[in-house]
Amino acid sequence: MRESGCTGRLLSVRLALRRLAAAEQGGAAVEFGICGPALFGFIFAIVNLGLLGFQFGALVHAVQATGRWAAVQATASVVNSQTSITEPCLGSDVSEFNALADPPLTAMSQPTGTAAATGSQTTGNVTLTVSWTGTAGSANGIYDTFTGVLNWQPIGLAGFGLGFPMKISTAASTVGSSVSGVTVNASCS
Amino acid sequence: MATFLLLPLMALCGDFICVINARAQLNTALQALIYYAWTTGSGASGTQGNESGIISAINGASDFQIGYTPGTLKYSCVTGSNGTYTVPASLSTSSTCATGNTLFYYEQYTLTTNVHVPFPALFHFTNPFPLSVTGAALIGHSST
């Protein structure tokens, strides 16, 4: 008996579906569609973590070297006429920082303007802040504090707010506890 | 599928980065103390706890609060002559050396901090995650 047109079409669709279910062609493409994003995600994460380690390592090394420089070179001469602490060493600090941070970090330009107790330079995603802490004339000494901040952002995702700041601080003593009852004028040598 | 793999991976990366940052801060603070000991420490009297200002200055600027106990003096007796010296593997609390040895003075520091990792439950991390670092600086010597 001859089947009607509608039933024939149904049978051919059913047959096509059966063939599709039994077919194995294109399996690799389907598997890649499932695993590909994970694979690329892994590679992307590895590259970004490597870059983060490289840049953060440079930042830590540069901050430590700047602290070492200050511990050895920055001095504070004791004078009775000075009433406040100024930061005359920011230019030297920036030079020392640049010597070790660039590359991979971008070199900072030299600061301009009048010296103050706190100075800060920012270039690209890196900031170096230098401040003298402690009370002039106190027995607790005067400390030169350096803080380097790397605002790290993963490559390719900078516009999505996925970055975060990584901060490292160090400090160096420029006048020890023997200073008492006098004011201090910081200077570079 | 990829989400189930990538989200834990990213969470672990976040924890990992926080711990690395804290560890680097601890090492940097220890190095600052060692520079302080080298530049101001004097032989038998050491730094006498005056280095606390260094940690206060760093804590004032850092994201991590560093715990600190004043440095302790340690010693080692170095033997030898004519450019060939034997340095003990570990430091001692005794400042007594045999005659003819050289007594080396060290200032030893231990710093600690606690890291609040962002995703502790996922990998059963202790939260806060404790970190510590110990180091010593040679600050002087004398012949006995």
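In chain A, 69% of the contacts between residues at least 6 apart in sequence join residues at least 24 apart; two residues are in contact if their C-beta atoms, placed from the backbone, lie within 7 Å. For chain B, the corresponding share is 65%. This is a predicted model, in which local features need pLDDT of at least 70 and side-chain atom pairs count only at pLDDT 80 or more, while totals for chains, interfaces and linings use all residues. Residues are numbered from 1 along each chain as its sequence is written, and chains are lettered from A and ligands numbered from 1 in the order in which they are written.

**Chain A**
- Three helices and six strands make up the secondary structure of chain A; helices (H or I, at least four residues) and strands (E, at least two) are DSSP runs, numbered from the N terminus.
- Starting at the N terminus, the order of elements in chain A is α-α-β-α-β-β-β-β-β.
- Chain A has 189 residues, and 31% of them count as buried, meaning that 20 or more other C-beta atoms lie within 10 Å of a residue's own, with C-beta atoms placed from the backbone.

**Chain B**
- Here you will find two helices and five strands, in the order α-α-β-β-β-β-β from the N terminus on.
- Of the 144 residues in chain B, 33% are buried.
- The C-alpha trace of chain B spans about 70 × 30 × 20 Å along its principal axes.
- Chain B has a radius of gyration of 20 Å, whereas a compact globule of 144 residues would have one near 15 Å; the radius is taken over C-alpha atoms, and the globule rule is 2.2 Å times the number of residues to the power 0.38.

**Where the chains meet**
- The contact takes 31 residues from chain A and 27 residues from chain B.
- On the chain B side, the elements that give two or more residues are α1 (2–40) and α2 (52–61).
- Helix α1(B) gives the most to that side, with 17 residues.
- The chain B side divides into 16 nonpolar residues, 10 polar and one charged, where Ala, Val, Leu, Ile, Met, Phe, Trp, Tyr, Cys and Pro count as nonpolar, Asp, Glu, Lys and Arg as charged, and the others, Gly among them, as polar.

**A residue to look up: Leu30(B)**
- Leu30(B) sits in helix α1 of chain B.
- Leu30(B) is buried because 21 other C-beta atoms lie within 10 Å.
- Not counting residues up to four places away in sequence, Leu30(B) touches Tyr109(B), Leu111(B), Val133(B) and Gly135(B).
- Ile54(B) is 24 residues from Leu30(B) in sequence and 9.9 Å away in space, C-alpha to C-alpha.

Key
Buried ≥ 20, exposed ≤ 12 C-beta atoms within 10 Å, placed from the backbone.
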